[in-house]
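Work through the exercises below with the sequence and the model at hand. Each task is followed by a solution in steps.

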Amino acid sequence: MTEFTYKHRNDNGNTAPLQNWGIDSEYGVLTDLLVGPIDNYTWQMGNAASRRSVRLGRQFDAAVAKRQHQEMLDAYKQAGVNTHLLPADSNLPYQLYARDSSVMTPWGPIVTQMYSPWRRGEWVDVVKTYQKLDIPIYDIITAGSLEGGDFMVLEPGVILCGYSGERTSPQGFNQMKSWIEKEGWEVKGYEFDPYFLHIDVLVAALAEKLVAVCVDAVEPELVQWFKARNFEIIDISYPQVMELGVNVVALGNDRVMLPADNTELKEKCRAHGLQVIDPDISMITAGGGGVHCMCQPLARHTAAK
């Protein structure tokens, strides 16, 4: 009997967590991952990173991008992570960035609403994939926009969500916040400039109580919020942010996947005792998204104690 439904959420909270899917942190051992297809990927001029790549004279090469995408999939396989690819739609050049079209919670995925016109069709294959995998949808955003690059399950009981007014609007943020708070979790909102696209360009969860943050690019209030919660911060420089140097995926058991050319965070992670897995995805990051942007966790081991 199928468990799939378009709304698993109880209106008054106390929704049952999923048994075989879901996450309660960004650092529990990752077992299953939704990944976007590379088939129709090209650089779009809707973000500062891709415009900068063109301005610097960089050329997009689809064959190189496909080879790098496969290198990343192979790295996940070697790390013991099951990858589930979204089916490719030729009308969706940024479908590769599977982070944004849904977000996973302990109670199932929230299907989001995209800001950019060329991405608004991405929800279709996301819903079909959750139905195929028999994963009940928690709910679907209907107020404004909300994109997964702004949403982090920071630790059990705490969501961090950025909103710039574009990729994630105050309306989309508040709708999600009202749902999650009824489950008894805290939702920390952080408003930032849309120049940075998503908060995962500025902040990354690396391990329990360990985050990477570009301190120079965020408001002091956010840094103090992390410190008040006893998080250790690895500070990343602004030039690395422009190369998506904070856009990384924690695999659990003190392992982190990040781009091969992300030398600054790579060295700092190793200094903290983390194992680094670093595929070359330079042709993809030049278009405005890194390893974090290309995936959405479907299941992690619980981090709750």
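**Exercise 1.** List the contacts of S101 and state whether S101 is buried or exposed.

Leaving out residues up to four places away in sequence, S101 touches I110, V111, T112, M114, E122 and V126, where contact means heavy atoms within 4.5 Å. The model is predicted: local features need pLDDT of at least 70, side-chain atom pairs count only at pLDDT 80 or more, and totals for chains, interfaces and linings use all residues. Numbering starts from 1 along each chain as its sequence is written, and side-chain values use heavy atoms, with hydrogens and water left out.

**Exercise 2.** Describe the aromatic pair of Y138 and W179.

Start with the geometry: the centres are 6.3 Å apart and the planes 75 degrees, which is edge-to-face (rings of Phe, Tyr and Trp, the latter by its six-membered ring, pair if their centres lie within 6.5 Å; planes under 30 degrees apart are stacked, over 60 edge-to-face, the rest tilted). Then locate the partners: Y138 is in the loop between α3 (122–132) and β5 (139–140) and W179 in helix α4 (residues 170–182), so the pair ties together parts 41 residues apart in sequence. Last, check burial: Y138 is buried at 0% relative accessibility, and W179 is buried at 7%.

Technical notes:
Helices (H or I, at least four residues) and strands (E, at least two) are DSSP runs, numbered from the N terminus. Buried means under 20% relative accessible area, exposed over 50%, partly exposed in between (1.4 Å probe, protein chains only).
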